[in-house]
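I opened the model today to look up a few points of architecture. My notes follow in the order I took them.

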Amino acid sequence: MTHIVAGYPDLKTSEKLALLMADNGADFVEIQIPFSDPVADGTTIMQANQKSLDGGTKVEDCFELMEKVTKEKAAGKTQFLFMTYFNIVHHYGIEKFCKKAAQCGCYGLIVPDMPIDEEPQEKYLENCKKHGLKAVQVISPLTPERRLKMIAKAAEGLVYCVSKFGTTGQTSELNPKLSSYLKKAKKYIDVPLAVGFGISTKAHVEAIWKEAEIAVIGSKIINIFNESGGDLKVVQKFLQELNSYTYRSS
Amino acid sequence: MNSLKKYLLNTDGHFGQFGGRYVPELLIPIMEELQEAFFQAKKDPSFKNDLLNLYHNYSGRPTPLYFCENLTKKIGGAKIYLKNEGLNHTGAHKINHCLGQAILAKRMGKKRLIAETGAGQHGLATATVAAKFGLKCRVYMGARDVERQRPNVFWMEQLGAEVIPVKEGGQILRDAINAALRDLISNPEDTHYLLGTVCGPHPYPVINTYFQKIVGEEVKKQLGGLPDYLVACVGGGSNAMGLFYDFLDDKKVQMLAVEAGGKGIKKENGKFAHAARFGAMPDGKQAGEVGVVEGFKSYFLQNDEGQIEETQSISAGLDYSGVGPQLAYLHDIGRVKFTYAVDDDVIAAYKLLARTEGIFAALESSHAVAGAIKLAKTLPKNKIIVMNCSGRGDKDLFIVTKKLGDKNFANFLKEQTKNV
């Protein structure tokens with residue numbers, strides 16, 4: 001699974017990046033709708049959010065982007081998800097947002113600051129379900145078993161496992177306790193596990209594959225894009241190197 | 001609802017549609033741990049004793065409730081009383097919740113305190129309790145606020161705290177909160193985030209209201225009866241909740257919250273020229289809309305897309321896009337009325353209080369002074385207003401001298417730089 005920020009560096013290029021990821025083996029692509037206060041994101045993605053917003057990206061632009069890539073890749077295996085923060089969904093209208101996302105061919109939503117505890121008043125899961133969207137749940141190394149059970153019940157499509165403490169894309173070392181954490185998660189959760197945050201090398205992907213179905217590479221690709229001066233060929237080369245690792249039909 | 005007081009300290013952290021705990025999964029167990037520590041401590045008499053002891057002997061409580069006789073005469077309306085929270089150790093009410101949270105942090109075995117700060121008062125109070133309790137301390141402060149409130153940075157560093165200027169976004173309070181949340185996400189086990197207002201995810205609004213309610217409790221005793229009006233400034237809302245809380249079930253007492261009107265309730269160059277969530281924009285619509293940001297649901301200044309917008313105010317401490325969820329609820333049920341004061345009225349109120357009573361109010365608190373003056377004019381002389389002077393004005397030296405264009409002071413500064 002890979003990640004782009006819609007509208008970063010601009011809408012056209014982010015569309016190209018999403019398609020490139022699909023063409024080079026990504027089984028899932030997260031399209032982030034930029035937000036002014038992305039608290040779970042580290043510097044790389046935070047800055048991409050800000051630049052996208054400075055460039056004038058609107059929520060409607062992100063829906064259009066989703067529609068374009070899902071149509072273009074309708075025959076492929078890649079699923080496209082929206083990732084964003086809850087205020088974006090809430091402000092758009094939860095039901096309206098879910099309906100629109102589904103119409104655009106979106107597979108599911110990842111909204112890290114909408115924990116299931118707030119479901120009684122938000123009816124977010126209910127609306128996702130109603131419109132056929134997978135509401136991707138998130139777990140972390142601190143999630144106790146009591147919550148794992150709760151989250152397992154709500155799990156749909158896949159569960160996003162935050163690999164370590166911290167925001168997205170910080171360190172190069174994997175969490176040494178990753179294996180026991182994922183084993184514990186597997187006890188309760190039946191859907192595929194996607195492991196993200198700080199995943200950047202082949203070695204990381206290989207390690208994750210021993211325990212989980214999906215490795216998520218986010219900030220690393222944005223960094224490669226930035227460092228190459230926006231050269232899509234360099235991004236493509238990186239994706240191809242990982243290709244055999246990031247894709248695994250489950 | 002029978003008792004508002006009881007409801008606003010509930011264990012669930014929802015106040016009508018507001019509040020809640022909208023945080024990434026990693027923070028949920030941390031917030032649960034804090035919640036448990038707090039509600040356990042609340043039942044423990046030794047915790048209460050420790051806290052009261054520090055309030056009295058460390059911070060200097062009770063702070064005076066002072067009758068502003070000269071100001072009252074000058075205005076010619078209701079009697080104006082001033083609760084002088086500026087006489088607390090560190091110069092503002094912020095020390096109240098910092099002491100409380102520091103004891104909690106110790107009880108939870110935390111080794112490190114982090115905090116956000118706007119005007120620097122909360123950061124200073126956090127650095128102070130960190131020094132006292134032997135905890136490491138890091139304070140996040142928007143780079144723009146660092147410029148506005150540089151002396152407080154110096155004092156925080158003197159106390160051993162590390163001050164990190166936050167260069168993201170508008171470089172103000174909201175950006176500092178985001179940076180502190182990121183720090184907590186990265187260091188959830190050994191760190192306590194000493195959040196400085198009645199905002200943020202549950203249990204922060206409840207905890208800080210609990211630690212601030214001493215302000216109103218003292219007022220009730222000192223006045224020996226009920227006032228007609230309570231007036232407080234509101235950024236996040238900690239000093240307002242502190243003053244209002246104990247009177248919430250006294251229906252006779254009316255409450256007025258004063259927001260930062262900045263340069264007026266409008267937009268300038270596409271951005272809000274103020275920080276008044278409940279102010280009416282030129283088209284008549286309320287400026288703030290319901291949103292979910294920084295872990296809680298409340299009213300926020302946001303644009304048509306749901307992006308949180310920058311705010312403007314002469315006072316760094318009120319320069320914030322959101323408002324505490326309990327206050328959002330009290331607004332919606334009509335228990336607290338909201339108004340605003342623009343920068344120029346705030347400076348005028350600051351000057352008038354200094355000249356008539358010899359008290360420098362912080363620019364944040366001067367919003368309450370401006371609100372109280374305006375209100376007093378409309379009321380008969382037998383009515384009583386209590387305004388919260390949440391902090392003292394010394395920290396605003398540089399903003400005020402700039403605003404007043406004091407040339408002699410500017411020359412003094414030039415001379416000083418030669419000596420440093």
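Is the crossing of helix 3 of chain B and helix 5 of chain B left-handed or right-handed? I looked it up: the crossing is right-handed. I note here that this is a predicted model.

**Entry 1: the helix pair in chain B**

I stayed with these two helices. Helix 3 of chain B covers residues 45-59, and helix 5 of chain B covers residues 94-107. Their axes come within 10 Å and cross at roughly 140 degrees. Because of that angle, helix 3 of chain B counts as oblique to helix 5 of chain B. The cut-off for roughly antiparallel is over 145 degrees.

Next I listed who makes the contact. From helix 3 of chain B I wrote down B:F47, B:D50, B:L51, B:L54, B:Y55, B:Y58 and B:S59. Helix 5 of chain B brings B:I95, B:L99, B:G100 and B:I103. I sorted the contact by class and got 8 nonpolar, 2 polar and 1 charged residues.

**Entry 2: a sheet in chain B**

I then traced a sheet in chain B. It is open, has 6 strands and runs in the order 3-4-16-9-10-15. The pairing is mixed. At the edges I found strand 3 (65-67) and strand 15 (336-342) of chain B, each pairing on one side only. Neighbouring strands are turned by 25 degrees against each other on average, direction ignored.

I picked one pair inside this order. Strand 9 (residues 229-233) of chain B and strand 16 (residues 384-389) of chain B run parallel, joined by 3 bridges. Which residue of strand 16 of chain B is the bridge partner of B:L230? I found B:V386.

**Entry 3: where chain B meets chain A**

I turned to the interface. On the chain B side, 28 residues are in contact with 32 residues of chain A. Helix 2 (28-42), helix 9 (173-186) and strand 13 (289-293) of chain B each supply at least two residues of that side. Helix 9 of chain B gives the most, with 5 residues. By class, I noted 12 nonpolar, 10 polar and 6 charged residues on the chain B side.

**Entry 4: chain A overall**

Last, I checked chain A. I noted 12 helices and 8 strands. Its C-alpha atoms fill a box of roughly 45 × 40 × 35 Å along the principal axes. How does the radius of gyration fit a compact globule? Chain A has 250 residues, so such a globule would come out near 18 Å; chain A has 17 Å, which agrees.

Methods: Residues are numbered from 1 along each chain as its sequence is written. Chains are lettered from A and ligands numbered from 1 in the order in which they are written. This is a predicted model: local features need pLDDT of at least 70, side-chain atom pairs count only at pLDDT 80 or more; totals for chains, interfaces and linings use all residues. Two residues are in contact if their C-beta atoms, placed from the backbone, lie within 7 Å. Helices (H or I, at least four residues) and strands (E, at least two) are DSSP runs, numbered from the N terminus. Ala, Val, Leu, Ile, Met, Phe, Trp, Tyr, Cys and Pro count as nonpolar, Asp, Glu, Lys and Arg as charged, and the others, Gly among them, as polar. Axes are lines fitted to C-alpha atoms, for helices over the stretch in contact, and angles run from 0 to 180 degrees between N-to-C directions. Angles under 35 degrees count as roughly parallel, over 145 as roughly antiparallel, 65 to 115 as roughly perpendicular and the rest as oblique. A crossing is left-handed if the near helix is turned anticlockwise from the far one by less than a right angle, and right-handed if clockwise. Two strands pair if DSSP finds at least two bridges between them. The radius of gyration is taken over C-alpha atoms; the globule rule is 2.2 Å times the number of residues to the power 0.38.
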